[in-house]
Amino acid sequence: YGIALVYGATGTTDIARLAEVAQTGRNATLLLVGAGLLIVGLGFKVAAVPFHMWTPDVYEGAPTPITGFMSVGAKAAGFAALLRVFLLGLHAVQADWIPVLAILSALTMILGNVVALAQTNLKRMLAYSSIAHAGYMLMGVASGNPSGLAAVMFYLLAYTFTNIGAFAVLAAFARREGEDQTFPQYAGLGRKHPWLAVVMALFMLSLTGIPPTGGFFGKYYLFLAAVEGGLGWLAIVGVLTSVISAFFYLRVIVDMTMREPERETPSRIYPALTTTLAVTALGTLVLGVWPGPWLQLAQAGLKMLTGN
């Protein structure tokens with residue numbers, strides 16, 4: 001419906017042509033209503049508050065490999081659409097949509113991290129974590145500057161490696177449909193599978209934003225872009241919610257390394273899963289130790305996207 005209203009206001013769905021018409025100010029009210037509905041639709045896609053309600057139940061109920069794909073695939077597609085439509089097509093009215101996205105970003109970071117604190121199921125915790133990370137990336141879009149948009153692209157890459165890796169560890173435990181994914185299941189994992197506990201700890205540190213991981217530089221670039229865009233208050237919200245997130249991410253590490261096992265851990269890790277974990281762990285570390293070339297690649301991609 002938002003696309004229909006935008007078409008009604010501009011007479012086109014071509015993004016380049018849309019940008020030209022938006023600059024004229026023609027049918028501005030109708031255009032803004034359509035843009036608002038686009039935010040609703042794409043906000044649902046990326047699981048931004050208050051359009052996030054489907055995420056925890058779907059993440060918990062879906063097979064773990066499918067959940068891992070959804071956590072990054074759908075989010076990457078949603079943010080690709082947000083960047084193209086709002087950066088290119090609706091850039092002329094960014095003064096109207098930037099405050100909306102900034103508020104949604106703050107609400108998404110706060111709710112995602114605070115509610116994740118209360119979760120006892122690791123898949124539901126990662127679902128609310130996914131919501132929170134959508135808030136961090138919305139911060140980059142709301143900054144409205146090239147630095148923020150490049151930071152979103154970098155963050156998406158770091159988040160892809162990290163989240164796929166985390167769900168790959170969960171898949172090692174999901175040997176039969178409906179297997180328990182509560183925190184006690186991971187107690188003592190470091191004793192039987194030390195390497196599995198090490199890579200899981202790496203992914204949790206990256207999601208928290210602790211160096212030397214890709215998640216650290218991803219958040220750093222997003223916070224810096226928010227400050228450059230005059231959204232210092234939003235960067236403060238991001239920092240504070242990252243501190244909150246440390247509790248539930250580090251809880252996983254504590255359970256794996258400092259608690260007695262309460263149940264049997266998987267006796268065999270299949271080669272395909274081992275390869276996935278090795279690639280994602282390496283990607284998470286490379287982005288944290290050597291971020292410069294990847295940020296430059298994101299900036300080059302942004303220039304191709306905008307044509308500048």
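Modeller: What follows is a walk through some local features of this predicted model.

Biologist: Start with charges. How many salt bridges does the structure hold?

Modeller: Three salt bridges. One of them pairs the side chains of Arg 17 and Glu 20, at 3.1 Å from N to O.

Biologist: Where do Arg 17 and Glu 20 lie?

Modeller: Both are in helix α2. They sit three residues apart, about one turn of the helix.

Biologist: Why does that spacing work in general?

Modeller: An α-helix has 3.6 residues a turn, so residues three or four places apart point the same way.

Biologist: And how accessible are Arg 17 and Glu 20?

Modeller: Arg 17 counts as partly exposed because its relative accessibility is 41%. Glu 20 is partly exposed too, with a relative accessible area of 46%.

Biologist: What does Asp 57 pair with?

Modeller: Arg 124. The side chains of Asp 57 and Arg 124 meet in a salt bridge, 2.9 Å from N to O. This pair links distant parts of the chain: Asp 57 is in helix α4, Arg 124 is in helix α7, and they are 67 residues apart.

Biologist: What about Glu 60, which partner does it have?

Modeller: Glu 60 forms a salt bridge with Arg 124, with the closest N and O atoms 2.9 Å apart. Glu 60 lies in helix α4 and Arg 124 in helix α7, so the pair ties together parts that are 64 residues apart in sequence. Salt bridges that share partners join Asp 57, Glu 60 and Arg 124 into one network.

Biologist: Is Arg 124 buried or exposed?

Modeller: Buried, because its relative accessible area is 19% and the cut-off for buried is under 20%. Glu 60 is partly exposed, at 35%.

Biologist: Change of topic. Tell me about helix α3. How many residues does it have?

Modeller: Helix α3 has 19 residues, 28-46. From its first C-alpha to its last it reaches 26 Å, close to the 27 Å expected at 1.5 Å a residue.

Biologist: Which residues in α3 are buried?

Modeller: Leu 31, Gly 34, Ala 35, Leu 38, Ile 39, Leu 42, Gly 43 and Val 46.

Biologist: And what do the buried residues of α3 pack against?

Modeller: Five helices are on the list: α1 (2-10), α2 (15-24), α5 (64-89), α6 (94-116) and α7 (122-143).

Biologist: What comes just after α3?

Modeller: Ala 47, with a positive phi of about 65°. Ala 47 lies in the loop between α3 and α4. It counts as buried because its relative accessibility is 1%.

Biologist: What is phi at Asn 27?

Modeller: Near 50°, a positive value in a residue other than glycine. Asn 27 is in the loop between α2 and α3. At 40% relative accessibility, Asn 27 counts as partly exposed.

Biologist: Now prolines. What kind of peptide bond joins Val 49 and Pro 50?

Modeller: A cis one, with omega about 5°. Pro 50 lies in the loop between α3 and α4 (55-61). The peptide bond from Pro 211 to Pro 212 is also cis, with omega near 0°.

Biologist: Where does Pro 212 lie?

Modeller: In the loop between α10 (194-208) and α11 (214-228).

Biologist: Next, Ser 71. Is it buried or exposed?

Modeller: Ser 71 lies in helix α5. It counts as buried because its relative accessibility is 0%.

Biologist: What lies 2.7 Å from its side chain?

Modeller: The backbone oxygen of Gly 68 lies at that distance from a polar atom of the Ser 71 side chain.

Biologist: Leaving aside neighbours within four places in sequence, what is Ser 71 in contact with?

Modeller: Tyr 59, Ser 130, Tyr 159, Asn 163 and Phe 167.

Biologist: Last one, the surface. Which residues form the nonpolar patch?

Modeller: Leu 157, Val 289, Trp 290, Trp 294 and Leu 297. Together they have about 510 Å² of accessible area.

Biologist: Where is Trp 290 found?

Modeller: In the loop between α13 (271-289) and α14 (292-306). Trp 290 counts as exposed because its relative accessibility is 53%.

Conventions
Residues are numbered from 1 along each chain as its sequence is written. This is a predicted model: local features need pLDDT of at least 70, side-chain atom pairs count only at pLDDT 80 or more; totals for chains, interfaces and linings use all residues. Side-chain values use heavy atoms; hydrogens and water are left out. Patches are made of residues with over 30% relative accessible area and no salt bridge: like charges are joined within 9 Å, nonpolar side chains (Val, Leu, Ile, Met, Phe, Trp, Tyr) within 5 Å. Accessible areas come from the Shrake-Rupley method with a 1.4 Å probe; for residues, only the protein chains shown count as cover. A salt bridge is a side-chain nitrogen of Lys or Arg within 4 Å of a carboxyl oxygen of Asp or Glu. Helices (H or I, at least four residues) and strands (E, at least two) are DSSP runs, numbered from the N terminus. Buried means under 20% relative accessible area, exposed over 50%, partly exposed in between (1.4 Å probe, protein chains only). The expected span of a helix is 1.5 Å times one less than its number of residues. Contact means heavy atoms within 4.5 Å. A polar contact is a pair of N or O atoms within 3.5 Å; within protein, one must be able to donate a hydrogen and the other to accept it, and residues adjacent in sequence count only if both atoms are side-chain atoms.
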